Amino acid sequence: MESDDAPDPRLTPALRDAVTRMRAALDPLAERLTDHLVARIDSLADEPEIVDDLTRATREGTDAWLEVLLAREVPREVAIPAATVAVARAWVRRNRPVGSLLRAHRLAHGVVVQEMLSQLRAAIDDPQLLGLASETLVELSFGYIDTLSAGITELYLGERARLVRSAELARAEVVEALLREEPVDVDAAERRLGHPLRGHHVALLLWAEGGDPGEEPLSRLEAEAQRIADHLGGGRLLRIAAGGRLLWAWVAADRPLDDVPPPPPAVGPDEVRVHVALGAPAEGPTGFTRSHRDATEARRVAGLAARTPRAVRYRDVDLLALMTSDADRARRFVETRLGALGEEDDQTRRVRVTLRTFLEERGSHVAAARRLGVHENTVKYRVRRAEALLGRPLGDDPLALSAALRLADLLGAAEQA
């Protein structure tokens with residue numbers, strides 16, 4: 001954006017300084033942008049798989065925009081970052097309109113421009129230079145968002161055309177209707193899905209972490225879903241790609257699936273980590289939806305841990321799911337119930353683990369020692385230490401104490417990560 005007049009030589013270093021400031025805080029800015037979009041785009045808060053991609057997309061997109069600002073020239077074609085491509089594809093797969101995708105980009109870009117204006121005001125004292133920098137920012141912003149919107153629209157329409165040519169979009173529409181609990185013709189839905197709805201179901205959520213940010217390891221996720229289906233007895237498998245790195249799946253069987261064993265560890269290269277959350281077994285179209293919601297909750301609880309487990313069953317974390325529906329209240333509950341026993345130093349954590357094991361073994365020092373692999377006297381010492389840190393007898397509301405210890409294991413470890 002050069003004019004015939006000689007530009008103010010101070011403009012380039014002023015813009016470079018503001019960009020450097022922005023990049024130093026890019027991660028928290030991306031989180032703030034995501035929160036901003038979740039609050040303004042309908043139902044986005046209920047779609048964590050898109051939200052995860054959105055955080056990466058806002059970070060990469062902001063960084064790309066800062067490059068344009070430094071160059072002071074909008075390219076004829078904007079290179080769309082890999083994470084933004086993943087968001088656009090997920091938007092199509094979830095049958096969301098292109099207008100809401102473009103609105104998300106406009107909203108995010110507006111916040112980034114306001115943040116840059118704030119950085120310029122903080123860095124530039126001279127009113128004339130500040131005016132020139134602000135004019136440059138605004139002019140580039142309009143050109144950039146116009147070019148970016150054209151590229152995103154082309155990407156969206158191309159992806160939608162590809163899916164329309166397949167049966168995937170039709171299946172996704174039926175699944176979305178079932179998950180929204182809309183009235184459906186079960187016979188027609190089964191024909192479109194190619195999957196039984198009247199039988200017994202276990203829902204799976206499979207997602208990938210690590211690897212190349214631009215990679216979409218859906219084939220890995222689909223293979224893992226099939227492996228788990230075989231592990232569960234070879235039931236019919238329905239797979240729906242809900243994002244570039246997320247797969248929804250359901251295993252259906254004619255017999256009840258009341259005792260679902262934990263799946264075996266995922267196989268494949270360590271640079272791409274595959275995780276799976278399993279819902280509780282359920283029956284019929286209603287169970288199809290309920291098991292998926294259980295799997296979604298299991299994934300949410302797994303995400304609170306310091307290191308996301310490779311596999312998590314809802315039946316193993318259902319109590320934690322209830323207790324962490326409001327994470328802030330859960331943390332306050334831990335603080336209130338445990339006091340000094342909730343501290344996160346290594347010694348106190350060992351005392352907590354011992355106390356929890358002691359309570360789970362119905363107050364048996366011998367059984368707790370055997371389970372922990374320590375001497376019985378060590379268990380006795382740590383239990384006495386726990387009681388001292390609590391400042392009250394263990395018999396005072398043992399149910400609340402056990403709940404607080406379980407929450408401390410989950411939430412405390414996550415804070416230390």
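Helix H1 passes helix H6 in a right-handed crossing, a term used when the near helix is turned clockwise from the far one by less than a right angle, left-handed being the anticlockwise case. Good morning. Before I go further, please note that this is a predicted model, in which local features need pLDDT of at least 70 and side-chain atom pairs count only at pLDDT 80 or more, while totals for chains, interfaces and linings use all residues. Residues are numbered from 1 along each chain as its sequence is written, and side-chain values use heavy atoms, with hydrogens and water left out.

Let me stay with the helices. Helices (H or I, at least four residues) and strands (E, at least two) are DSSP runs, numbered from the N terminus. H1 covers residues 11–24, and its axis comes within 10 Å of that of H6, the two crossing at roughly 65 degrees. Here axes are lines fitted to C-alpha atoms, for helices over the stretch in contact, and angles run from 0 to 180 degrees between N-to-C directions. H1 is therefore roughly perpendicular to H6. As for the wording, angles under 35 degrees count as roughly parallel, over 145 as roughly antiparallel, 65 to 115 as roughly perpendicular, and the rest as oblique. On the H1 side, Leu11, Ala14 and Leu15 meet Leu129, Leu132, Ala133 and Thr136 of H6; contact means heavy atoms within 4.5 Å.

A second pair is helix H4 (residues 82–93) and H5, whose axes come within 10 Å and cross at roughly 150 degrees. H4 is thus roughly antiparallel to H5, and the crossing is right-handed. Thr84, Val87, Ala88 and Trp91 of H4 make the contact with Ser100, Leu101 and His105 of H5.

Ala170, Arg171, Glu173, Val174, Val175 and Leu178 of H7 meet Ala189, Arg192 and Leu193 of H8.

Which residues of the largest nonpolar core touch the most other members? They are Val175, Trp248, Trp250, Leu338, Leu341 and Leu355, out of 54 residues in that core. Helix H16 (residues 398–416) gives the most to this core, with eight residues. A nonpolar core is a set of buried Ala, Val, Leu, Ile, Met, Phe, Trp, Tyr and Cys residues joined through side-chain atoms within 4.5 Å. Buried means under 20% relative accessible area, exposed over 50%, and partly exposed in between, with a 1.4 Å probe and protein chains only. Beyond its neighbours within four places in sequence, Leu355 is in contact with Leu341, Ala386, Leu390, Leu394, Leu401 and Leu405. A second, separate core of 49 residues includes Val19, Leu66, Ala90 and Leu140. In soluble globular proteins, nonpolar side chains tend to be buried together.

Two further residues deserve mention. Thr147 belongs to helix H6 (residues 127–164) and, at 18% relative accessibility, counts as buried. Leaving aside neighbours within four places in sequence, Thr147 is in contact with Val74, Pro75, Arg76, Glu77 and Val78. Ala302, in helix H10 (residues 284–304), is also buried, at 4% relative accessibility. Not counting residues up to four places away in sequence, Ala302 touches Thr308, Pro309 and Val312.

I turn now to charged residues. How many salt bridges does the structure hold? There are 31 salt bridges, each being a side-chain nitrogen of Lys or Arg within 4 Å of a carboxyl oxygen of Asp or Glu. One of them joins Arg32 to Glu115, with the closest N and O atoms 3.0 Å apart. Because Arg32 lies in helix H2 (residues 26–40) and Glu115 in helix H5 (residues 98–123), this pair ties together parts that are 83 residues apart in sequence. Arg32 is partly exposed, at 41% relative accessibility.

Another pair is Asp409 and Arg356, whose closest N and O atoms are 2.5 Å apart. Asp409 lies in helix H16 and Arg356 in helix H13, so the pair ties together parts that are 53 residues apart in sequence. Asp409 is partly exposed, with a relative accessible area of 28%, and Arg356 is partly exposed at 22%. Both belong to a network of salt bridges that links Arg356, Glu360, Glu361, Arg371 and Asp409.

Finally, Asp346 forms a salt bridge with Arg349, the closest N and O atoms being 2.3 Å apart. Both residues lie in helix H13 (residues 346–360), three residues apart, about one turn of the helix. Thank you for your attention.
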